[in-house]
Amino acid sequence: MSSACEGVVSKQDAQSALGSRRIYTRPEKELDFIFGNMAEGRITKCVLKSRDSGENVVVQVSRVSGSTDVRAHYAHQFVDTPGYGTVPVGGGWRGSMVFHDDSLQGSVELACRNQKDRSLLVSARTLYSPRDEPGLDSQQRADDRAGFARLLTSTASAAADKYDCDASLGRPVDDVAPDPVRNPVPLDKAKGICAPVAALRDGAGRVGAVSVTDAPTDPTTPAEDCYLNDAQGTPLYRLTALYGPLADMARAKSTDFDPTSKKAAEFQQKYHRGFGSAQCGAQQGRAFYRLGTIHRGVGERTVKNPDVEFERAALKAFAEQSAKTHGCDNLQLP
């Protein structure tokens with residue numbers, strides 16, 4: 001453990017994240033299968049494994065610039081598909097944690113003030129333990145999430161020191177929100193990123209929405225995803241807010257997604273989707289906001305009665321709150 005990831009991984013935090021005192025490192029050659037296309041800018045990587053349960057955590061530190069595709073590092077699913085649950089790391093750390101299938105992935109980005117246009121991106125991925133399955137002890141699941149966040153953030157702090165990155169660091173993280181996709185809340189219970197949309201009760205009723213995948217508001221998270229679900233829990237709409245490199249990557253994907261392009265300047269009523277943007281300072285650039293319907297297959301929407309009036313109002317309410325939370329202005333909406 002003393003040499004894992006060139007010494008930037010804390011043994012104590014690794015033990016906490018894995019729920020085991022007996023851990024060891026695994027050979028690097030097994031990592032590319034786990035991290036896929038995340039090799040760009042990689043500085044170091046390692047796998048930490050429990051001798052007791054066989055669970056593992058994969059940790060990677062990368063040096064990224066404005067040209068680096070960071071989507072794989074953040075594990076954020078692209079904006080026109082359903083599935084992943086996203087929550088802030090918290091504690092003032094610029095990062096997010098993503099829940100998907102049997103894995104939990106977190107990323108923290110450190111902007112290096114002494115290295116022009118360079119950042120350190122620390123990513124970690126773990127497999128869920130049996131303790132994280134629905135119906136089991138919720139306090140244990142909360143402890144698992146918090147332990148994972150401590151490993152992620154302590155590694156980021158050590159990496160900043162080791163690789164000479166003068167960056168603003170966050171605070172210790174004691175609590176991380178649960179997976180919002182696995183834990184949707186009724187419209188009247190939403191208090192976070194979905195709250196302004198959930199407040200549009202008449203419009204939500206017209207489209208059949210009864211619950212949302214709410215997550216805490218946080219000025220440092222680079223990604224927010226709010227799903228509106230029907231009575232069976234099927235997602236009907238997805239609202240997304242992206243900041244920094246994630247926003248840039250979304251716009252670069254297609255001019256359809258660029259709020260400054262003529263094609264996206266008006267709400268796309270035929271497709272029931274709309275886009276927006278806001279200015280978030282010179283370092284973070286323009287934010288990206290989107291509302292769209294969810295599709296089961298080609299041309300088959302899950303929402304049976306889409307409502308353009310509600311969709312426009314929902315995008316506006318969602319983007320206004322998110323922009324205010326992140327300190328952005330000059331909000332542009334269709």
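Modeller: Before we look at this predicted model, one term is needed: rings of Phe, Tyr and Trp pair if their centres lie within 6.5 Å.

Biologist: OK, and how many aromatic pairs does a search of the whole structure find?

Modeller: The search of the whole structure finds 3 aromatic pairs. In one of them, Tyr 243 and Tyr 289 have ring centres 6.0 Å apart and planes at 80 degrees, which is over 60 degrees, so this pair is edge-to-face.

Biologist: What about Phe 275 and Phe 288, how are their rings arranged?

Modeller: Their ring centres are 6.1 Å apart and the planes stand at 55 degrees, so the pair is tilted. Phe 275 lies in strand S12, residues 273–279, and Phe 288 in strand S13, so the pair ties together parts 13 residues apart in sequence. Phe 275 is buried at 2% relative accessible area, and Phe 288 is buried at 0%.

Biologist: Switching topic, where does Gly 244 lie?

Modeller: Gly 244 lies in the loop between strand S11 (235–242) and helix H7 (245–253), and Gly 244 is buried, with a relative accessible area of 5%.

Biologist: And how far is Gly 244 from Arg 286?

Modeller: From C-alpha to C-alpha they are 7.3 Å apart in space, although 42 residues apart in sequence.

Methods:
Residues are numbered from 1 along each chain as its sequence is written. This is a predicted model: local features need pLDDT of at least 70, side-chain atom pairs count only at pLDDT 80 or more; totals for chains, interfaces and linings use all residues. Side-chain values use heavy atoms; hydrogens and water are left out. Helices (H or I, at least four residues) and strands (E, at least two) are DSSP runs, numbered from the N terminus. Buried means under 20% relative accessible area, exposed over 50%, partly exposed in between (1.4 Å probe, protein chains only). Rings of Phe, Tyr and Trp (its six-membered ring) pair if their centres lie within 6.5 Å; planes under 30 degrees apart count as stacked, over 60 as edge-to-face and the rest as tilted.
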